[in-house]
Amino acid sequence: GKASCFVGDDGKVHYSFPYFDGTKVANTKFRTADKHIYFRKGGTEFLYNKNVLRNTDAVLVVEGEMDCLASYSYKLKIPCLSIGLGAGTQRLSWRDDFANVKAIYLAFDNDSAGRSGVMKLADVLGRDKCRIVRLPLKDMNDCLVQRIEREDVEACIQKSMSVEQVEIMNALEAIPVDEPVLGEKAGPILEMVAKRPITELEDF
């Protein structure tokens, strides 16, 4: 991906991110330093750095363009692209874009919108191909700015979890700490765990 900046009529610095489809710029996203975001009128593409999907078996998907650029600053072994519409928005057509990718690593923001959005995107792209990455900070760009080591980021990708594992973890984390026993929650959680392969059950 590429990015550039210019001073708009409002006197503010605007950053622009071209969304390529092949050699054609199919959309451009603009944002100001105060995070006002807008797309070029009539733009049709909403996957930033989409061209990496043409020749890869595995891809890292993040929530913003700066996170995508941060992943390349890290020189990660896996190519990266960004969802341009925010964590809560998915398009069914994206399933076709990712059709030839065998492993999709989803590293959305570590907030409620990101945690919810990543599960919805996995449903669109295919749960069996998706792995959920939990970064040590809010997002990839924060990791870069706060000088998290590349090895630590790569370790998070290697320790990624299946969608089902994340659902189990979310269910466990939602149980109040002061609850003496799991009670009625135990049945559904155990049933979910029982559906996983033995190798994964050992992790729990």
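Predicted model: local features only at pLDDT ≥ 70, side-chain atom pairs only at ≥ 80, totals over all residues.
Colleague: Are K29 and E65 buried or exposed?

Modeller: Both K29 and E65 are buried. K29 counts as buried because its relative accessibility is 8%, which is under the 20% cut-off.

Colleague: What else is K29 in contact with, beyond its neighbours within four places in sequence?

Modeller: Leaving those neighbours aside, K29 is in contact with Y15, S16, F17, Y19, I37, Y38, F39, E65 and G84. In the case of G84, the backbone oxygen lies 3.1 Å from a polar atom of the K29 side chain. As for F46, its C-alpha is 8.9 Å from that of K29 in space, while the two residues are 17 apart in sequence.

Colleague: How many salt bridges does the count come to?

Modeller: The count comes to 10 salt bridges. One of them joins K50 to D21, with the closest N and O atoms 3.7 Å apart. K50 lies in the loop between β5 and β6 and D21 in strand β2, so this pair ties together parts that are 29 residues apart in sequence.

Colleague: Which residues are linked with K50 and D21 in a network?

Modeller: The network of salt bridges links D21, E45, K50, R54 and D97. Within it, K50 is buried, with a relative accessible area of 14%, whereas D21 counts as partly exposed at 33%.

Colleague: And what about D139, which residue does it form a salt bridge with?

Modeller: D139 forms a salt bridge with K138, the closest N and O atoms being 3.7 Å apart. D139 is buried, with a relative accessible area of 9%, while K138 counts as partly exposed at 35%.

Colleague: Changing topic to pockets: how much space lies in the largest pocket, and which residues lie nearest its centre?

Modeller: The largest pocket holds about 370 Å³ of space. Its lining is made up of 18 residues, and R31, K35, G64, D67 and D109 lie nearest the centre. By class, that lining has 10 charged residues, 4 polar and 4 nonpolar.

Colleague: Which element gives the most to that lining?

Modeller: α1 gives the most to the lining of the largest pocket, with 3 residues. At least two residues each are supplied by β3, α1 and α4.

Colleague: What volume does the second largest pocket have?

Modeller: The second largest pocket has a volume of about 160 Å³. It is lined by 14 residues, and the closest to its centre are N110, R115, V118, I132 and R134. The largest share of this lining, 4 residues, comes from α3, and by class the lining has 7 nonpolar, 3 polar and 4 charged residues.

Colleague: Back to the backbone: where is N49, and what is its phi near?

Modeller: N49 lies in the loop between β5 and β6, and its phi is near 70 degrees, a positive value in a residue other than glycine. Most residues other than glycine have a negative phi. N49 is buried, with a relative accessible area of 13%.

Colleague: And K75, what is its phi, and is it buried or exposed?

Modeller: K75 has a positive phi of about 60 degrees although it is not a glycine. It is found in the loop between α1 and β7, and at 62% relative accessibility K75 counts as exposed.

Terms used: Residues numbered from 1 in each chain as written. Heavy atoms only, no water. 1 Å grid on protein atoms, 1.4 Å probe; cavity = no way out; pocket = protein on both sides within 12 Å on 5 of 7 lines; lining within 4 Å. Points joined across faces, edges and corners; volume = space filled by probe spheres on them. Nonpolar A, V, L, I, M, F, W, Y, C, P; charged D, E, K, R; others polar. Buried < 20%, exposed > 50% of the residue type's maximum accessible area, 1.4 Å probe, protein only. Contact = heavy atoms within 4.5 Å. Polar contact = N/O pair within 3.5 Å; in protein donor to acceptor, adjacent residues only side chain to side chain. Salt bridge = Lys/Arg side-chain N within 4 Å of Asp/Glu carboxyl O.
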